[in-house]
Amino acid sequence: MTERLCLVHYHEIGLKGKNRSTFENQLVTNLHRALRAFEPSKIARVSGHLVVEVADGRASEELAAAIRRVPGVARVSLAYKCGLDEGEYVAAAIRALGEAGEFGSFKVHARRSSTTYGLHSLEMNRLVGAALCEAFPDKKVDVHNPDVTVVVHVVQGSTYVYAASAPGIGGLPVGTAGKVVTLLSSGFDSPVATWMVGRRGATCIPVHFSGRPMTSDTSEWLCQDVVEALAPSGIVGRLYVVPFGERQREISLAVPQGLRIIMYRRVMMQVAERIARLEGAKALVTGESLGQVASQTLENIAAVNEAVTMPVLRPLIGSDKQEIIARSHEIGTYDISCQTAPDCCTLFMPRRPETHARLEQVLEAWESFDHEAMVEDLVRCVEWRDFTQCPSYHAPRGGLREHHVELSPWMGGER
Ligand code: ATP
Ligand code: MG
């Protein structure tokens, strides 16, 4: 009986030599988690692909769309799975081509991964091609540049037939590149930066600094919305929120106006680095783009960077705002980022921020308040919320839990 399933292609993993099975296993685990709502009956490796099957044998476009959002997936084809009977797979090829939408030309690409199968791939090409020419008399065969390729692949006692495939988000399975802590605001840039490192296989742990209690907590809610939007791709394990308003007031009173932002940022980076060490993360990530705003000049980036020893990844450093905004549409964070909310960055802003900070002045200002006690205190006050869609995330043992409350509404409080 012919059933409908999804075939998952994953080019880049194929290039990874010895690591290949680690990558494939992680992708299978991630797909199981991402596709829970579809209750897949089987997700398994079949000759360089993964197959995703559902119990009633009728995989849907919705299932294919959900698979395409998972990092590591290069392409997804809704395919027919038949036996080795020629009549059955020829009929499936006719159905598949009929469902391929508008096209003028096609070709057949037959493959055999089982050498025990009687027909040679050339004979299969001819057999299926002849049937398709008869079924679609007004369409041309074009073996060099066809609009549609009908693939007929014999493997492990079954034949998979498909004519169309749609691109997935690409990248590598989350969990194959270790953990990173990303500095997340609800602006356009940092959600995109988080998504980009997540797509390259990193398990992301965002940290958001809110202006609470000096501002409302709207920015915290927007950050939760950002993480919810990214959740289907399984890249975020836990969101940390650090109420920073009180400490910012202390900084603003202690240091020269022009250096306030740099001091806030140095504290933020050190808190993020502390959380990263507790989490076993190996890098920090920001959404900075060179020269985009005053705080993102090379001098200021260097003045902030100097506060931490961990590598700081800046995936958007060479991107234009328009490119970042286009990406935010694609990943579903655009509408959230359009909503403005005060966060720690809008609090106690100097009238004239320093754009080319000199390191001696930065270090002098840095020593004018007890930054060590402040960082210590902020780490003690972090709140968090876990996201179960990320199977590669394992919460740190000890270190934080006993001292900390979870982000509301899990506290049951009014927000
Ligand atoms: P974004 O669009 O990501 O908010 P931005 O254009 O507003 O960035 P900046 O305000 O200079 O630029 O922030 C630079 C980076 O610092 C951000 O991309 C983000 O990684 C980090 N950052 C800014 N504000 C916060 C915050 N409230 N909490 C955590 N990280 C932040
Ligand atoms: Mg911002």
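Reader: How many aromatic pairs does the structure hold?
Author: This is a predicted model. Rings pair if their centres lie within 6.5 Å. The number of aromatic pairs in the structure is seven.

Reader: Is the pair of Phe103 and Phe136 stacked or edge-to-face?
Author: A pair of aromatic rings is described by the distance of the centres and the angle of the planes. For Phe103 and Phe136 the centres are 6.2 Å apart, with 65 degrees between the planes. Planes over 60 degrees apart count as edge-to-face. The pair is therefore edge-to-face.

Reader: How many residues apart are Phe103 and Phe136, and which loops hold them?
Author: Phe103 lies in the loop between helix 4 (86-98) and strand 5 (105-112). Phe136 lies in the loop between helix 5 (121-135) and strand 6 (140-141). The pair links distant parts of the chain, and the separation is 33 residues.

Reader: Where does ligand 1 sit?
Author: The shell around ligand 1 divides into nine nonpolar, nine polar and five charged residues. Among the 23 residues around the ligand, Leu183, Ser185, Asp189, Ser190 and Gln296 come nearest. The site of ligand 1 is the largest pocket.

Reader: Which element gives the largest share of the shell around ligand 1?
Author: Elements giving two or more residues are helix 6 (189-199), strand 11 (203-210) and helix 9 (260-279). The largest share is three residues, and it comes from strand 11.

Reader: Which residue has a backbone N or O atom 2.9 Å from a nitrogen atom of ligand 1?
Author: Leu183 places a backbone N or O atom 2.7 Å from a ligand oxygen. Gln296 has a polar side-chain atom 2.7 Å from an oxygen of ligand 1. The backbone atom at 2.9 Å from a ligand nitrogen belongs to Phe209.

Reader: What percentage of the area that ligand 1 exposes when taken alone does the protein bury?
Author: Taken alone, ligand 1 exposes 570 Å². The share buried by the protein is 89%.

Reader: Is the peptide bond from Arg212 to Pro213 cis or trans?
Author: Most peptide bonds are trans. Pro213 is in the loop between strand 11 and helix 7 (218-230). Omega of the bond from Arg212 is near 0 degrees, and the bond is cis.

Reader: Is phi of Ser47 positive or negative?
Author: Most residues other than glycine have a negative phi. Ser47 is in the loop between strand 2 (40-46) and strand 3 (49-54). Its phi is near 45 degrees, which is positive.

Definitions and conventions: Residues numbered from 1 in each chain as written. Chains lettered and ligands numbered in written order. Predicted model: local features only at pLDDT ≥ 70, side-chain atom pairs only at ≥ 80, totals over all residues. Heavy atoms only, no water. Near = heavy atom within 4 Å. Polar contact = N/O pair within 3.5 Å; in protein donor to acceptor, adjacent residues only side chain to side chain. Areas by Shrake-Rupley, 256 points an atom, 1.4 Å probe, with all protein chains shown as cover. 1 Å grid on protein atoms, 1.4 Å probe; cavity = no way out; pocket = protein on both sides within 12 Å on 5 of 7 lines; lining within 4 Å. Sits in = over half its atoms within 2 Å of the grid points. Helix = DSSP H or I, 4+ residues; strand = E, 2+ residues; numbered from the N terminus. Nonpolar A, V, L, I, M, F, W, Y, C, P; charged D, E, K, R; others polar. Phe/Tyr/Trp six-rings, centres within 6.5 Å; stacked < 30°, edge-to-face > 60°.
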